[in-house]
Amino acid sequence: MDKSADPCTDFYQYACGGWIASNTIPADRPSWGTGEMLAERNRIVLRDILDKAADATANRSAVEQKIGDYYYACMDEKTVNARGYDAIKPELERIGALADKAAIRDEVPRLHLQGDDAFFEFGSETDLKDSNSRIAAADQGGLGLPDRDFYLNKDARSEQIRKSYVEHIGKMLGLIGESADAATADAKAVLAFETKLAEHSLDRVSRRDPDKIYHKIAVTELATRCPFFRWPEFFAAVGAPKIETLNVDYPDFFTGLNAAIESASVPDLKAYLRWRVVNNEASQLSDPFVEEHFNLYSRTLRGVRELSPRWKRCVDSVNFALGDALGQKYVDVTFGAEGKQRTLDMVLAIEKVMKGNIDTLDWMTPATKKEALVKLEAIANRIGYPDKWRDYSTVRVARDDFAGNWERANMFEVKRDFDKIGKPVDRSEWPFSTPTVNAGYSPDENSINFPAGILQPPLYSNTSDDAANFGAGGAIIGHELTHGFDDEGRKFDAHGNLRDWWTKEDADEFQKRAKCLIDEYSKFEAVPGQHVNGELTLGENTADLGGLRIAFEALMEDLKGKERKTIDGFTPEQRFFLSYGQAWCHMQKPQMTGMLLRTDPHSPPRFRTNGVVQNMPEFQKAFACSAGKPMVAAPACHIW
Ligand SMILES: [Zn+2]
């Protein structure tokens, strides 16, 4: 804390100022804060598990063999470096031999099966209007930069990033044997081609509206828009079942994609594919590839100074490739059945408050309230870890083949995804691996998901007092819960089907209140000259505000009849808000902030704290803030 700061002037500084003054961003990170500290601690636990599992002389279970040998192969830097880029040579040779556009087309399914979404995205998804079935889905994609805006924006920083991007592509193509002149020319051609795809991609604010990304159309219609890919042949080549209709998130993209491919030359398209292959696999190749990949994606785009030590990258790689196998071992040592039960109790307490809250809401019509309560009742609470673990027995993991292991694990996931097309939805699947520091609401399943990785101190601890647990972990639970009822969630019903259950009157009232938040957050300047996008972040800001209010009420319920203890001079109410603020203690490289302002629907942590508490009379009462102070918003925004 920074006790010299006034909590009513800048609560974030008051709660986190001491932490910020005594911490620095590690050289291998773009940012540092509570979430990162948690992730770092998880990595150390995971390393311990993996070190033990990597011992081939020990008596290992099948799961331990997979994760242990994967980790061993990744850590074996000597072998990885000796192999250079051998792993992608066969694919590069195939691309080199492609004689015409027809041959290029026939190569694309193979790339998709390897997890390289060349030209567009394809996979399975839950049908937004029939949440029991998985359907095929094709979407915009094919870009090497994180968002279409990086290709289209005219500001100096975007220009600079594009320049660095072309240099980077040139260097990567040089590493796979192209002459400097050829690599430079190819890099420019790749940027030009991807820019055309970007021009036909839908922006992120629009993509928040599920109606704008749901277009279930006949394959014949997709073929009319984009005849280049012979779709039935593509589906057959990737092993998908016969498909007659699919969701094409944004159909105009495919019209643009077709034109872009038609007007590009065969050598330019081949350069694009070579770039895709080397970019996709860079992290599994020898040091020059890893370092150059880091140079663009971490140093330039995120402001990171140094590559992480190899063991951290290898832990992350195991978690990415074999997350459910690693997760099984992780929960054994960190969470257990007790953690699951106690967290579930907190979830139920918060859901109960949400129910009362909906009952008494002044702006929602009675008919809509009824639907909201049905939806709340139907939410599936997933806490800690899945009931069923993914079975990796068919993934071959070799002790001396890091790139091969990564490829096989990748292909296993792609195949698993394609295999779901045309089948009922499997609701036992989780969106995150267990050790992940994240939480989420899935609108198409009406479920909230809290992997064990995030249910750790200081966000949640069996030994913390209730005020601290509700202020941090409870606020996250409340946050995820309200997502079911915000401007996106309202479009999905209790079964997860895309069906707007609000009346126009409700929508108008919500919009009025949402406008308050859009205006408030749009004024926040995150880095000099760059403001928060109040529209892109609306859903998350709404969830932050609603989540904290509900968690606060749940704490008040919880404390009824209990002794109200003052700890370290702070009342339970003050400790609740301090715990919330400190859950967001954070610092970030300006490059990273600049990138996230365009791509992340969450506001920067400082505003996730101050933007919320300034709208809460409960906060102002707890810290005796008088009107006119910065942490007393006028008007105060209030939705949930
Ligand atoms: Zn959220």
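**Contacts, sheets and a zinc site in a predicted model**

Trainee: In this predicted model, which residues does G17 touch, not counting residues up to four places away in sequence?
Mentor: G17 lies in helix α1, which covers residues 11–21. Leaving aside residues up to four places away in sequence, the residues that G17 touches are M1, D2 and Y12.

Trainee: Does G17 count as buried or exposed?
Mentor: The cut-off for the buried class is a relative accessible area under 20%. The relative accessibility of G17 is 7%, and therefore G17 counts as buried.

Trainee: What distance separates the C-alpha atoms of G17 and Q582?
Mentor: Along the chain, G17 and Q582 are 565 residues apart. In the model, however, the separation of their C-alpha atoms is 9.7 Å.

Trainee: Which residues coordinate the zinc ion?
Mentor: The donors follow the spacing H-x3-H-x56-E along the chain, with distances to the zinc ion of 2.0 to 2.1 Å. The coordinating atoms are NE2 in two cases and OE in the other, and they belong to H479, H483 and E540.

Trainee: Why does the pair H483 and E540 tie together parts that are apart in sequence, and how many residues apart are they?
Mentor: Both H483 and E540 are buried. H483 lies in the loop between α21 (466–482) and α22 (504–522), whereas E540 belongs to helix α23 (residues 538–559), so the parts that this pair ties together are apart in sequence by 57 residues.

Trainee: How are the axes of α2 and α16 oriented to each other?
Mentor: The axes of helix α2 (residues 34–53) and helix α16 (residues 310–321) come within 10 Å and cross at roughly 80°. The class for angles of 65 to 115 degrees applies here, and α2 and α16 are therefore roughly perpendicular to each other.

Trainee: How many nonpolar, polar and charged residues does the contact of α2 with α16 have?
Mentor: On the α2 side the contact involves E40, R43, I44, L46, R47 and L50, which meet W311, K312, V315, D316 and V318 in α16. Sorted by class, the contact of α2 with α16 has six nonpolar, no polar and five charged residues.

Trainee: In the open sheet of four strands, which are the edge strands?
Mentor: The strand order is β2-β3-β5-β4, with mixed pairing. Strands β2 (residues 121–127) and β3 (residues 130–139) run antiparallel and are joined by seven bridges, while β3 and β5 (residues 245–248) pair in the parallel sense over two bridges. The strands that pair on one side only, and hence stand at the edges, are β2 and β4.

Trainee: Which residue in β3 stands opposite T126?
Mentor: β2 and β3 form a hairpin with two residues between them, and six of the seven residues of β2 are buried. Across this pairing, the residue in β3 that stands opposite T126 is R134.

Trainee: Why is one side of β6 and of β7 left without a neighbour in the sheet of three strands?
Mentor: This open sheet has the order β6-β8-β7 and mixed pairing. Five bridges join β6 to β8 (residues 447–451), and these two strands run parallel. One side of each of β6 (380–384) and β7 (440–442) lacks a neighbour because both stand at the edges, each with a single partner strand.

Trainee: At about what angle does helix α18 run to β6?
Mentor: Helix α18 (residues 336–360) lies across β6 and β8, and α21 also packs on this sheet, touching β7 and β8. The direction of α21 makes about 150° with that of β8, while α18 runs to β6 at about 145°.

Note on methods:
Residues are numbered from 1 along each chain as its sequence is written. This is a predicted model: local features need pLDDT of at least 70, side-chain atom pairs count only at pLDDT 80 or more; totals for chains, interfaces and linings use all residues. Side-chain values use heavy atoms; hydrogens and water are left out. Donors are N, O and S atoms within 2.8 Å of the metal (3.2 Å for Na, K and Ca); water is not among the atoms, so sites may look incomplete. Buried means under 20% relative accessible area, exposed over 50%, partly exposed in between (1.4 Å probe, protein chains only). Two strands pair if DSSP finds at least two bridges between them. Axes are lines fitted to C-alpha atoms, for helices over the stretch in contact, and angles run from 0 to 180 degrees between N-to-C directions. Angles under 35 degrees count as roughly parallel, over 145 as roughly antiparallel, 65 to 115 as roughly perpendicular and the rest as oblique. Contact means heavy atoms within 4.5 Å. Ala, Val, Leu, Ile, Met, Phe, Trp, Tyr, Cys and Pro count as nonpolar, Asp, Glu, Lys and Arg as charged, and the others, Gly among them, as polar.
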